[in-house]
Amino acid sequence: MDPQIAFIGGGNMARSLIGGLLAQDFDKSAIRVSEPYTPTREALASELGITVLDDNRRVAAGSAVWLFAVKPQVMKTVCAELRELAQAERPLVLSIAAGITATQLDSWLGGGLPVVRIMPNTPALLGAGANGLFANARVDAAQKALAERLFRATGLCTWIADEALMDTVTALSGSGPAYVFLLCEAMQAAAVKQGLPAEAARDLAVQTFVGAARMLAESGESVEVLRQRVTSPNGTTHAAITAFEDGGLRRLVQTALDAATARGIALSREND
Ligand SMILES: NC(=O)C1=CN([C@@H]2O[C@H](COP(=O)(O)OP(=O)(O)OC[C@H]3O[C@@H](n4cnc5c(N)ncnc54)[C@H](OP(=O)(O)O)[C@@H]3O)[C@@H](O)[C@H]2O)C=CC1
Ligand SMILES: O=C(O)[C@@H]1CCC=N1
């Protein structure tokens, strides 16, 4: 029998995670969602056939697993509302919020609770997600296995031993899809500027990302080797790669990931 799961917040990521669970034949009646925005509530209930209410306490009561999928900015308030119930029921607490630490969640919920922090990403919607997971010392092996089973429904799972590195995971794979979309956008725009019709630019750019991603995942070759195979001596790719390197692409990527990581740390501090 599947454990009863309460989703606190029914936004984009909650929908992706629930979609993954339902695709793996997770019992619909074991999922309940709390969501304040009426159109989102109605859409979730009608499209996914699950119970969606506007009441965090009612949704959480009696659920073995509470999965917090609200923004970091409202997490403390939401936890305060559930603190008494958390101490009475002692659920397994899961959170996907950027920045907010397991220690913060545990203390806002009254303390002494098993907490697993997960950083998913939006390809979860297609079952192609990447999840970094961190468990606090109260989480036992069965609870770890349960958290992993739930998130495996949306993609790959990797456990992270040092919680401080969850901000790095957020910068890498949590935000990562947006960097790929930005590069795809920029490549399309450059091709259109040279005169390629927008539709052709989109089709060719998108398929290039799909094909390259499949090679990364399926070829068994390193990323460097795959890059070198495209790069003929003194050819067109060499010209482009030289422009990227001379323009400081690697330094820029480091700066971008450092900024995302720093923002995760700041989100924790700002919302404490
Ligand atoms: N988007 C992404 O790519 C990723 C996001 N995350 C994390 O996931 C979390 C959710 O993000 P995302 O799904 O994008 O955000 P959304 O805004 O889509 O989802 C959050 C949901 O929580 C609802 N909500 C607001 N206040 C409350 C409350 N008091 N009680 C219950 N529900 C409430 C919101 O309703 P309303 O709209 O009415 O405010 C909204 O539907 C964030 O913490 C984020 O850091 C993690 C990895 C990737
Ligand atoms: O931008 C954000 O803060 C969230 C966390 C990772 C992806 N989106």
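Leaving out residues up to four places away in sequence, G9 touches A14, V33, S34, E35, A69 and V70, where contact means heavy atoms within 4.5 Å. You'll find G9 in the loop between β1 (5-8) and α1 (12-23); helices (H or I, at least four residues) and strands (E, at least two) are DSSP runs, numbered from the N terminus. G9 counts as buried because its relative accessibility is 8%, and buried means under 20% relative accessible area with a 1.4 Å probe, protein chains only.

A quick word on the ground rules: this is a predicted model, so local features need pLDDT of at least 70 and side-chain atom pairs count only at pLDDT 80 or more, while totals for chains, interfaces and linings use all residues. Residues are numbered from 1 along each chain as its sequence is written, and side-chain values use heavy atoms, without hydrogens and water.

M13 sits in helix α1.

| Residue | Contacts (heavy atoms within 4.5 Å) |
|---|---|
| G9 | A14, V33, S34, E35, A69, V70 |
| M13 | I96, P120, N121, T122 |

Both residues turn up in UniProt's "binding site" (unreviewed entry), listed as I8, G9, G10, G11, N12, M13, A69, V70, K71 and P72; such annotations may be inferred rather than shown by experiment. These residues are spread over 65 residues of sequence, yet they cluster in space, with a largest C-alpha distance of 14.3 Å.

Zooming out, the domain assignment, automatic or from a database, gives domain 1 (5-166) and domain 2 (176-267). Their centres, taken over C-alpha atoms, are 32 Å apart.

Note on methods: Chains lettered and ligands numbered in written order. Buried < 20%, exposed > 50% of the residue type's maximum accessible area, 1.4 Å probe, protein only.
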